[in-house]
Amino acid sequence: MPRVISKNHIPNLLIHLKKSHDVFAPMEKEGEVVFGNVEDPTKVLLNYKTTLLPPKIYFLPPEEELFKVTNGRVQEEQLNNKFVVFGLSRKDLEAIVYLDQIMNKKPADTFYLNRRRAVTLIGVSEEEVGVPPGGDLILEKISDRYYRTLALTKKGKKIADLEFFEEKEINHKAKSHEATSKLDQILLDSELIARAIEWSRENYRQIWEHLGRVCLGCGICTYVCPLCYCTSTEDKTSFDQTVCSRCRKWDACTLPGFAKIAGGHNFRPTQAARYFNWFYHKFVRAYKEFGRAQCVACHRCQRYCPAGIDIEKVLEEIINAFQKAEPERKF
Ligand code: SF4
Ligand code: SF4
């Protein structure tokens, strides 16, 4: 018999979790959906398109102090409490699983991994989940009133065993998975994308030159992407020079200074080169390293790009040009 939770009990579940954890969830703020600390569980959104910033903010914060040295003594940043991120979408869960793989690659990012160990991830899906993408527990909507539990880990099972859940046969099924976007379909063939991008570097330069003129180099596409993880580090010294902190913050390869080194040389001096690099990393390097594109088709980069650049259209155009120019290639 499936374990289910009634929609009315979800705020009670969140109140219960808040007694022992910090709980973060999607909610509306100034016209956008954002992840935030749950103060009023009735304000938590179960059905939304996408949040502005992805949940990576909880494992790879925009800015953090890694360690500090005080009079020669090194002190690492300590994680405070265990925490819960509730209401994750399928795509965000998928991105976290992929980001785990990236961060586990040697040398592993221990700061990221410590946070991942401290978190419990609870997904909420308004439609049928199919193969669960990851996380600890997923609540799958099966009727207007009930969500079915899919417990994937011990942590998830412990939550699904709480008194807010019950065993109940419901004569409804989850809504079938809605049609996927064109970007989802394009991503099915990571090899084709990788080859087309590689080919475009020399053979379809006009698209990168055009995008280089349009792109503002603001870095927003990187910040909102659940799978971009570039950071830069800097040391800060206290005024009396007794404390030195090693800090890191998000960086973006589309920013003009990203590839600039001491002496002023810039390895990617044009916006075209920088924007190409963003694509190259996501679709060529990632394919070579992990066998798949570093994109889950969340559409955040397209939605928040101030220059209106649409990743789906860019990929489509490059792939079409590649297939037209190289028709004899078999894919
Ligand atoms: S968000 Fe748009 S304008 Fe800003 S760096 Fe990315 S592609 Fe360029
Ligand atoms: S659609 Fe854009 S923001 Fe979303 S995962 Fe892909 S590259 Fe990142």
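A residue counts as buried under 20% relative accessible area, as exposed over 50%, and as partly exposed in between (1.4 Å probe, protein chains only). The model is predicted, so local features need pLDDT of at least 70 and side-chain atom pairs count only at pLDDT 80 or more, while totals for chains, interfaces and linings use all residues. Residues are numbered from 1 along each chain as its sequence is written, chains are lettered from A and ligands numbered from 1 in the order in which they are written, and side-chain values use heavy atoms, with hydrogens and water left out.

**Aromatic pairs**

- Rings of Phe, Tyr and Trp (its six-membered ring) pair if their centres lie within 6.5 Å; planes under 30 degrees apart are stacked, over 60 edge-to-face, and the rest tilted.
- The count by this rule is 18 aromatic pairs.
- Phe24 and Phe83 are edge-to-face, because their ring centres are 6.1 Å apart and their planes stand at 80 degrees.
- Tyr98 and Phe290 form an edge-to-face pair, since their centres lie 5.8 Å apart with planes at 80 degrees.
- Tyr98 belongs to helix α2 (residues 90-104) and Phe290 to helix α9 (residues 271-290), so the pair links distant parts of the chain, 192 residues apart; helices are DSSP runs (H or I, at least four residues), numbered from the N terminus.

**Burial**

- Both Phe24 and Phe83 are buried.
- Tyr98 and Phe290 are likewise buried.

**Cluster and charges over rings**

- Trp208, Tyr275, Phe276, Trp278, Phe279, Tyr280 and Phe283 are linked into a cluster by ring pairs.
- A charge sits over a ring if NZ of Lys or CZ of Arg is within 6 Å of the ring centre and within 35 degrees of the ring normal.
- Arg201 lies over the face of Tyr280, 4.9 Å from the ring centre.

Terms used. Helix = DSSP H or I, 4+ residues; strand = E, 2+ residues; numbered from the N terminus.
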